[in-house]
Amino acid sequence: MTSWQRLHDGWFLTAVPNPEVPEAVATARVPATVPGCVHTDLLAAGLIPDPYLDEYESALGWIGRTDWCYETTFSWAGDPDDDARVELVCAGLDTVTTITLNGVEVGRTANMHRSYHFEIRPLLRVGDNRLQIRFDSPLRYAERWRDRLGPRPNAYPEPFNFIRKMACNFGWDWGPSLVTAGIWQEIGLRTWRVARLAEVRPLVTVADREGRVEVRVAVERAATGAAVGGGVGHPVPEPVTVRASVAGETVEAVLPPDQHSVDLTLTVPDPELWWPRGYGAQPRYPLEVTLHAGGAELDAWRRRIGFRSVRLDTTPDAHGTPFTLVVNDLPIFVRGVNWIPDDCFPTRVTRRRYAERLGQARDANVTFLRVWGGGRYESEDFYDLADEYGLLVAQDFLFACAAYPEDEPFRSEVRAEAAEQVVRLASHPSLVLWFGNNENIWGFHDWGWPEQLAGRSWGAGYYFDLLPEIVAEHDPTRPYWPGSPWSGSHERHPNDPAHGSMHIWDVWNQRDYLHYRDHRPRFVAEFGYQGPATYATLRRAIRRGELAADSAALAHRQKAVDGTLKLARGLAAHLPEPRDFDDWHYLTQVNQARAVTVGIEHFRSLRPYCMGSVVWQLNDCWPVTSWAAVDGDGRRKPLWYALRRAYADRLLTVQPRDGRPALVAVNDGGEPWTGRVEVTRLTLAGEPRAKTSIALDVPAYSSVTWPLPADVAVPDEPRAELLLADPGSAGARAFWFFAEDRDLAYPPAEYDATVEPAPDGVRVRVTARTLLRDLVLAPDRLDPAAEVDEALVTLLPGESTTFTVRSGRALDPSALTTRPVLRCVNDLVTPQ
């Protein structure tokens, strides 16, 4: 039987001396946690400050320019006279390493995104063995290859495109530059005899109510004759049996000594189908593959699979080229978010943390996550939870915002990495799409790359040849698309909105968010708007002095080009001028939520012409001002609550059509949506001016638009009126204001508020005496661990809402019900 000895204990870290290394580090032998990385080990030893706090990130650049050595001594109790194979298996090394065992070089690595294994039996000693892994500076390695192959265009200063490593380690427009090194995944000894399962790749399909599992199994056999390095010889290979079982069905095959792979097919009649969340259940079936010889089990592989079909519909139509995911023959409108690494140091992202973050996506009515190409191929925990929660996933191959060399050794590394990851993830029903890269085809077309490249390769051979070849060979059940964005043809602009997938970044970078409505994409894979982290997150990260919108400390957490100016421009177009930091913080968060809401509701209103809205982004990797809905400490920003509302299965929204407001109802549910909607034109004081009643009858998986009569749609006084569309118990209501907040004749906010105990916290009931626009309660200002169930509530005079706050502390009722904890837009209006 194949056995595994983990080598996670007894490691020490030392720096290879260079002038940049502080003396305290240069002379230290630091206890190391494996899996882990240099930064987290130095932090645990108290040798560096936390790079997420204050501006310490800037003082730690020397770590990425230093070589490091990890070393451990482990005991081996094997029998030197038996015929077992023993391999050192490295599931993930970050990144450029030389491995030595007992003073003899075992091998070298240069790719964070793949595993390596090395035969080491001839080098092992009974008793203690000394294992060293030297990590060369990733920055210097990338710079050497850049100088050797010639520079390539890159959206950022560091040469991350010349190393197969997590690109965002080198800094991004939302992330710090913290260039890591270390043993970041499992490492250990694998001992086996006769044969082992080298690779198992299940392809799961469904057709005509029959499930089909095609299992391709690769078997590695012990070598014949003398062992490498003069060790003990191995026996002549013998026949082995491969057996596969799922859902009560079993098949097996006998492999003669000269056969190293086999395809087994199992059929399962009428299996329960796996569905994305909101469309059905997520049943999974245990699949087991075992290897036998001489009546003994040699090796086993076990996963859970789901039966579902998936295809990407890009059949040309009268409008262009759609981009529609079809699951179990049902076209799915993608309600999505983009996912980045949840921490700069991946080993800190535990299964519990993945569960929290993906749970936040699920609870915001998200159905789809795109794993962005500047990070990592996500973990087994991530994909297992996505399977469980019914979240569809698109995984980018790891190329982002740069031209990548296709020369050796990179091409071979990309081939090995891609093949390994496609096979690794094949069992997961949540994975429904592979993207070839992030924005690189667009970059070649629009960002002046051809002139800079001067004929050098930039990645096209990966995206259009190598990667589709690998997906077709190893997993033809899943669609592949060369890039995000990509229009489907070299004859069209890669970001053509009428064809394929697109990214929208003129909004945020150059234009106001109302211009989302100028776009008519078939599928938008990126769009977003910035807002700061929650107050408690900023207060934890910025410990020196008071918080201020124009402070150097906050500027350090703004990594986007002209980000602070863009936030100010966005505020000035819509909202009153902030008087202090508290106003600025509240208003920029509200503006972020409104901007993304405008985009989502517009794109959803275009269904079925548009079949996907993927917001940039769900999460952050550290405390920062960014596009995220959940900040770097895992706290939900107001945008999260806006996502939950805008991504509801049933959405009522008011949209401009032909110069005046119209009502749109979007039904992503499986049953017709019926009822009545009362649409009323009101004054800001709540007095009705005109009204109409509309009979809701929206078929499943569709949208319906109703023009509004002129007496309802056209205001008498735009600064003093609004529209309210109220479906009663049939769904959430929708508002439309005829003017921007800065121009509205808002009354000063007046309300009554009460606080009463509740299980695990309190309930805060707010009753409006005037209009209250976008009411937000921020209990994290009083207790960093506090959470609230709702945000961005608009009340008309006389209406009430109740916030439920979870907190382990006794919260001051007066503070809970006044500024800056309880806010609305019109509390900036000064009473006359």
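The text below moves from the whole chain to single residues.

The model is predicted: local features need pLDDT of at least 70 and side-chain atom pairs count only at pLDDT 80 or more, whereas totals for chains, interfaces and linings use all residues. Residues are numbered from 1 along each chain as its sequence is written, and side-chain values use heavy atoms, with hydrogens and water left out.

**Overall fold**

The protein has 17 helices and 44 strands; these are DSSP runs (helices H or I, at least four residues; strands E, at least two), numbered from the N terminus. Its C-alpha atoms fill a box of roughly 95 × 70 × 60 Å along the principal axes.

Of the 832 residues, 60% count as buried (buried is under 20% relative accessible area, exposed over 50%, partly exposed in between; 1.4 Å probe, protein chains only). Among contacts with a separation of 6 or more, 69% link residues 24 or more positions apart, a contact being heavy atoms within 4.5 Å.

**Nonpolar cores**

In soluble globular proteins, nonpolar side chains tend to be buried together. A nonpolar core here is a set of buried Ala, Val, Leu, Ile, Met, Phe, Trp, Tyr and Cys residues joined through side-chain atoms within 4.5 Å. The largest has 179 residues, and Phe 397 and Leu 643 have the most contacts inside it. Helix α14 (residues 581-605) gives the largest share of this core, eleven residues. A second, separate core of 38 residues includes Val 86, Leu 88, Leu 131 and Ile 183. Leaving aside residues up to four places away in sequence, Phe 397 touches several residues, including Tyr 377, Trp 434, Phe 435 and Tyr 480.

**Backbone exceptions**

Most residues other than glycine have a negative phi, and most peptide bonds are trans. The table lists exceptions.

| Site | Backbone value |
|---|---|
| Val 34 to Pro 35, cis | omega about -5° |
| Arg 607 to Pro 608, cis | omega near 10° |
| Asn 328, positive phi | phi about 50° |
| Asn 365, positive phi | phi about 65° |

Pro 35 is in the loop between β3 (30-32) and α2 (38-44), and Pro 608 in the loop between α14 and β30 (612-615). Asn 328, between β21 (324-327) and β22 (330-332), is buried because its relative accessible area is 11%. Asn 365 lies in the loop between α4 (351-363) and β24 (368-371) and is also buried, at 16%.
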